[in-house]
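Hello,

Here is the structure I said I would pass on. My notes on it follow below.

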Amino acid sequence: MSNPLGTLYGLGMGPGDPELLTLKAARVLSRVDVVFAAASTKNDYSLALAIASSHLPPGAPVVRLDFPMTRDPAVLARAWRASAELALETLRQGKDAAFVTLGDPMTYSTFGYLRRELLAIEPRARVLAVPGITAPQAAAAAAGVPLAEAGESFAVVSGVAGTEAMRAVLEAVDSAAILKTYRSFPKIRGLLEDMGLAEKARFVSKLGMPGERVCEGLGQVEDKPSYFSLILVKKDKR
Ligand SMILES: C[S@@+](CC[C@H](N)C(=O)[O-])C[C@H]1O[C@@H](n2cnc3c(N)ncnc32)[C@H](O)[C@@H]1O
C-alpha cells in the first residue's frame, strides 16, 4: 500500500524580528521532515530561513523552490508547476513539509501560488496555512499608529498597483498600509502629496532588522528605499 500523503504547511515567519514567530509555527517547524523556501523573491528567502533555523529538527533538509521574478506568464506557470511537483514528491513519500515565508503566508506570499498549483495537481493533498504577523501590523506597533479604530476602514494597498488605482482606494478608506513601495517611491510620494496625506504618513522600513527606521512624513525618504519598506497613511479625523 502506498504512503498516505504528508501535509504541506505554509508557515508565516513574521516580518523580521525572530520573536514575532507564533508558538504554532515554531511547533510545526520542530517536527517537519523537509523545509521549503522560495529561492528568488528579492531577499525574502534568506531571512525567512534564518528565522526558521533555530526551530528546525537537526539535519532537516532545506530545499529552495524557484519562483522567478518575471512577469512572463509562461515562465511563471512552468516554475510554479515545477515547484509544486517537487513539494508533492515529498508529500507522496508520506513526509510533512513546511514552506517558510516572511510575514503571513496568505498575504502577498509565494505560498499562495504553491498552494494553488499543488492542489491543482493533487486535490487530495493536505495544505494548511499557519498565520504570521504581517508587516503592516508590526509597522503599526513600531510607529505607534493604530491601523484602525471604531468605525474606520483599513486597506492594504499594493505600491505596484498604479497611481490611479491607489488613489481610488486611498480616497475610499480612513487608513491604509502601502506595501511594495520600493519600486516607485517617488510616484507614491507624489500621489500622497497631491492628496494632502504625505505629511501625516509614516514611512517604516526594515522592521525587526538592523537599520529599522520610522519617519514621520515622507520628506526625508530617499527615492529608492529598501525592499523592506512600507507607508502607513491615517486620515485622523479627530
Ligand atoms: C511580497 S510582500 C510580503 C508581505 C508579507 N507576506 C506580510 O505578510 O507582511 C513584501 C512587502 O512587504 C513589506 N515588508 C515585508 N517585510 C517588511 C519589513 N520587515 N519591514 C518593512 N516592510 C516589510 C514591504 O512593503 C515589502 O515590499
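Leu8 has Ala97 in β4 as its bridge partner. The model is a predicted one. The pairing of β1 with β4 is parallel and consists of five bridges. On β2, Val35 stands opposite Ala98 in β4; these two strands also run parallel, joined by four bridges.

β4 itself is mostly covered, with five of its five residues buried. Ala97, Phe99 and Thr101 point one way from the strand, while Ala98 and Val100 point the other way.

Val100 also belongs to the largest nonpolar core, which has 22 residues. Together with Leu11, Met13, Leu21 and Leu29, Val100 touches the most other members. At least two residues of this core come from each of β1 (7-12), α1 (23-29), β2 (34-38), α2 (44-53) and β4. The largest share is that of α2, with five residues.

Beyond its neighbours within four places in sequence, Leu29 is in contact with Leu11, Met13, Leu21, Ala52, His55, Leu56, Pro57, Ala98 and Val100.

One item concerns the surface. Tyr108, Phe154 and Val156 make a nonpolar patch of about 260 Å². Tyr108 lies in the loop between β4 (97-101) and α4 (111-121). Its relative accessible area is 44%, so Tyr108 counts as partly exposed.

Regards

Methods: Residues are numbered from 1 along each chain as its sequence is written. This is a predicted model: local features need pLDDT of at least 70, side-chain atom pairs count only at pLDDT 80 or more; totals for chains, interfaces and linings use all residues. Side-chain values use heavy atoms; hydrogens and water are left out. Patches are made of residues with over 30% relative accessible area and no salt bridge: like charges are joined within 9 Å, nonpolar side chains (Val, Leu, Ile, Met, Phe, Trp, Tyr) within 5 Å. Accessible areas come from the Shrake-Rupley method with a 1.4 Å probe; for residues, only the protein chains shown count as cover. A salt bridge is a side-chain nitrogen of Lys or Arg within 4 Å of a carboxyl oxygen of Asp or Glu. Buried means under 20% relative accessible area, exposed over 50%, partly exposed in between (1.4 Å probe, protein chains only). A nonpolar core is a set of buried Ala, Val, Leu, Ile, Met, Phe, Trp, Tyr and Cys residues joined through side-chain atoms within 4.5 Å. Contact means heavy atoms within 4.5 Å. Two strands pair if DSSP finds at least two bridges between them.
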